[in-house]
Amino acid sequence: MPDTDVLYNAECPVCSREIDHYARLSAAQALPLRYDDLNDAKNLDDWGVTADQAAQRLHVRQNGQIYIGLPAFIVLWQSLPRYRWLARLVSLPGVYRLACWTYDGVLAPLLYRSHLRRRRKTA
């Protein structure tokens with residue numbers, strides 16, 4: 001199995017809850033997955049993205065290729081034995097289009113706006 005790196009927003013309650021779940025699964029099975037918090041500047045340098053870009057969508061790197069958004073989730077789910085079925089399901093053409101629309105058009109923008117609100121409150 002190739003090494004897989006995940007860049008996520010650990011300050012986002014929804015994001016951190018989901019990624020913490022995946023991290024526990026991968027640690028329990030000694031899977032080669034690494035989880036990087038976008039709020040650590042050295043992680044952003046390593047990924048070659050800005051904090052704003054990283055906060056807008058999930059990023060996953062595998063074999064040197066970076067996947068963003070729903071394709072990133074699919075790569076991550078393919079790396080987790082308990083979630084491979086979900087990766088296959090979401091990869092089906094009709095399901096993929098609907099899932100992309102839902103993630104890119106609804107969920108990711110909502111999470112990003114929440115991120116910006118949290119930033120304003122702490123500034």
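Arg-61 is buried, at a relative accessible area of 14%. Here buried stands for under 20% relative accessible area, exposed for over 50%, and partly exposed for what falls in between, using a 1.4 Å probe and protein chains only. Keep in mind that this is a predicted model, where local features need pLDDT of at least 70, side-chain atom pairs count only at pLDDT 80 or more, and totals for chains, interfaces and linings use all residues. Residues are numbered from 1 along each chain as its sequence is written, and side-chain values use heavy atoms, with hydrogens and water left out.

## Arg-61 and the salt bridges

What does Arg-61 pair up with? Its salt-bridge partner here is Asp-46, and the closest N and O atoms are 3.0 Å apart. A salt bridge means a side-chain nitrogen of Lys or Arg within 4 Å of a carboxyl oxygen of Asp or Glu. The pair links distant parts of the chain, with Asp-46 in helix α2 (residues 41-47) and Arg-61 in strand β3 (residues 59-62), 15 residues apart. Helices and strands are DSSP runs numbered from the N terminus, with helices (H or I) of at least four residues and strands (E) of at least two. Asp-46 is partly exposed, with a relative accessible area of 43%.

Salt bridges with shared partners join Arg-61 and Asp-46 to Asp-5, Arg-34 and Asp-36 in one network.

Arg-61 also lies over the face of Trp-47, at 4.2 Å from the ring centre. For a charge to sit over a ring, NZ of Lys or CZ of Arg has to be within 6 Å of the ring centre and within 35 degrees of the ring normal.

The structure holds eight salt bridges. One of them brings together the side chains of Asp-5 and Arg-34. Asp-5 belongs to strand β1 (residues 4-8) and Arg-34 to strand β2 (residues 33-37), so this pair ties together parts 29 residues apart in sequence. Asp-5 counts as buried at 14% relative accessibility, while Arg-34 counts as partly exposed at 38%.

Another salt bridge joins Lys-42 and Asp-40. Lys-42 is exposed at 58% relative accessibility, and Asp-40 is partly exposed at 29%.

| Salt bridge | N to O distance |
|---|---|
| Asp-46 and Arg-61 | 3.0 Å |
| Asp-5 and Arg-34 | 3.8 Å |
| Lys-42 and Asp-40 | 3.9 Å |

## Aromatic rings

A pair of aromatic rings is described by the distance of the centres and the angle of the planes. Rings of Phe, Tyr and Trp (its six-membered ring) pair if their centres lie within 6.5 Å; planes under 30 degrees apart are stacked, over 60 edge-to-face, and the rest tilted. By this rule the count comes to three aromatic pairs.

Why is the pair of Tyr-22 and Tyr-83 edge-to-face? The ring centres are 5.3 Å apart and the planes are at 85°, so that label applies. The two are 61 residues apart in the chain, Tyr-22 in helix α1 (residues 13-28) and Tyr-83 in the loop between α4 (70-79) and α5 (84-91). Both Tyr-22 and Tyr-83 are buried.

Phe-73 and Trp-77 make a tilted pair, 5.4 Å centre to centre with 40° between the planes. Both lie in helix α4, four residues apart, or about one turn of the helix. Phe-73 and Trp-77 are both buried, and together with Tyr-103 they form one aromatic cluster.

## A buried serine

Ser-26 lies in helix α1, and it is buried at a relative accessible area of 2%. Leaving aside neighbours within four places in sequence, Ser-26 is in contact (heavy atoms within 4.5 Å) with Leu-31, Leu-33, Tyr-35 and Leu-80.

## Loops with positive phi

Which phi does Ala-30 have? The value is about 50°, positive although Ala-30 is not a glycine. Ala-30 is in the loop between α1 and β2 and counts as exposed at 68% relative accessibility.

Asn-63 is another non-glycine residue with a positive phi, near 55°. This residue lies in the loop between β3 and β4 (65-68) and counts as exposed at 66% relative accessibility.
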